[in-house]
Amino acid sequence: MQKKSFLSRIWKKALLALAILIVFVLGVSRYISHRWNRQIQWQLRSYVQDISDSLYTLRYANMDLNLLTGSLTLEKVSLIRDPDVYKRMQAQQRAPKLIYSFTADRVSLRYFKVFRYFTTKRLSAGSLQFQNPIVMLELNSRNIDTTAKRNAYQNISSKIKSLYLGNLILDHTNLRYNVVKKDSGLVFTHLEDLSIQVKDFLIDSAALEDPTRFLYARNYEFGLKEYRYRTPDSLYWMHLKNIRYSAGKQMLRIGQFAAEPRYSRQQFDIRSVYQRDRFDVKLNDIELSELQPRRLLEQQVIWANKLVIGNGDLDIYHNRKLPMSGQLKYGQFPNQLLLKIPIPIYIDTLIGKKADLTYTEINPKSDEAGKLSFKQVRGTFRNITNIDSMIRKKSTITADLDAVFMNSGKLRAHFDFSLKDTTGGFGVSGQLKDMEGKSLNPILKPLGMVEVKSCYIDDLTFSMTGNERQASGQIKFLYKDLKISILKKEEDSHEYKRKGLLSLFANALVIKDSNPDNGETRITYPHFTRDPEKSFFNLVWKTLFTGIKETALGKNPPI
């Protein structure tokens, strides 16, 4: 009994001592937290004022420092730019080109090593998280900053020896980015629900020279569920969905890119007034690999090794019943348009794995729609660039494509686009094999008022060169048993009627039903002068069709 009583007294004393120690630690912690809390409040405001030369002011509703958990929390935070100071800096040519402000419901610093900060002036924490931040950036190209350039470490070194964050997290970010051009023009970009994560962020005397870091961090990751943009002509919505970028992996992934018309075909024609192509585009599973983060984040240059598009659908519609606009389309070939893009681009290889392309055209004579289809289109493009130094190394974009044409023929084509020829110089070669001629009726009947009754295409081999004014080439069209019907359209009807006598005359006297014929193979050398109101692909098609027509009908046929 005495032994138990003795142990009981020991336990009580131990528990009492522990309780006193806990109370003491909590008391000291509370006292130090209160004292350091006031110091940090003063230092935060002072740092922002001094480092920004009084351009920015930090405000918040409440701050709480907890020594035991190593946490620092600020409520209702805002970083505000002083407009009077900004105007004065502009007048003195000291205003930075990039200015910013932000608000957040809460800013939380976790695993904050408070004692290290106060004893060594090294700020280290496991994470810094912003809750519901609204970030406003403005790039003013008119600002002239004559002050000596200083990096981040030089800016903070008088106050802090180093700054380390394991993770910097901004979730559900509302980002507004405005660009003021030198001509005072404005460009607005608004991104909602953007997620940003910066990993292993360090600012000290050596971090800027560390080759494993870019902008002081090991990795930057961005995520965006959707970005939507309305084109200036108000005819399209541009959608980007499920965007993910990792600077460490040098990879940009986009779930889908879509160019979506805002109006039906009928309404689109009414709003267009003049003839123009209507595009409905969806490209899925897009990956841009080896995307250089330093060039992208520091220089705004898109520089990547490979762009892969998993699959897609492209629907093009054109109504020839509308009047022509009268505008000459010089300078609008693919290679010319690439050179006009204001953002520097270099993509070594672009691969399209699978896509379906449909072209629909309304013929004013028949008032019917003809349709061309290219299924299972696969392609590889190389040397996509508008950067002068890369063009000097290699001045041609190449493209190799293959597809199933009109659900029947096997089509392959090779394109060369010059990046030095200001007239849009290009070359095209290719082959179409093993196609049933009747498969062309969905395009020939509405657009040409002709129906193929029989024909088998063994081989169509073609090559041509040209520019934005004309094209010339060589066509070898091998076929057999060609028979056609020449049609006319019944009024107020969708039905076609065969012109019997004219069809008989054409098949008997005009059309050459086979090639080769009597041991002779006909090869044509077409030349076509471009209609400057028509597109690049119209020039390629018209040159090709001229050669096909000469092969089957001869030059200057009566039909």
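Does Asn407 count as buried or exposed, and at what relative accessibility? Asn407 counts as exposed, at 60% relative accessibility. Keep in mind that this is a predicted model.

**View 1. Asn407 sits in a loop between two strands.** The loop runs between strand E16 (396–405) and strand E17 (409–418). Most residues other than glycine have a negative phi.

**View 2. His172 is another non-glycine residue with a positive phi.** Here phi is about 50 degrees. His172 belongs to strand E7, residues 162–180. With a relative accessible area of 51%, His172 is exposed; the cut-off for that word is over 50%.

**View 3. A cis peptide bond links Asn515 to Pro516.** Omega is near 10 degrees for this bond. Most peptide bonds are trans. Pro516 lies in the loop between helix H10 (500–510) and strand E22 (523–524).

**View 4. Stepping back, the protein chain holds 11 helices and 23 strands.** Its radius of gyration is 35 Å, well over the 24 Å that the globule rule gives for 559 residues, so the chain is more spread out than a compact globule. The C-alpha atoms fill a box of roughly 125 × 75 × 50 Å along the principal axes. Of the 559 residues, 42% count as buried. The chain exposes about 31,600 Å², with 55% of that supplied by carbon and sulfur atoms. As for charges, the mean positions of the 86 positive and 57 negative ones are 9 Å apart.

Note on methods
Residues are numbered from 1 along each chain as its sequence is written. This is a predicted model: local features need pLDDT of at least 70, side-chain atom pairs count only at pLDDT 80 or more; totals for chains, interfaces and linings use all residues. Side-chain values use heavy atoms; hydrogens and water are left out. Helices (H or I, at least four residues) and strands (E, at least two) are DSSP runs, numbered from the N terminus. The radius of gyration is taken over C-alpha atoms; the globule rule is 2.2 Å times the number of residues to the power 0.38. Buried means under 20% relative accessible area, exposed over 50%, partly exposed in between (1.4 Å probe, protein chains only). Accessible areas come from the Shrake-Rupley method with a 1.4 Å probe; for residues, only the protein chains shown count as cover. Lys and Arg count as positive and Asp and Glu as negative; His and the chain ends are not counted. The place of a charge is taken as NZ of Lys, CZ of Arg, CG of Asp or CD of Glu.
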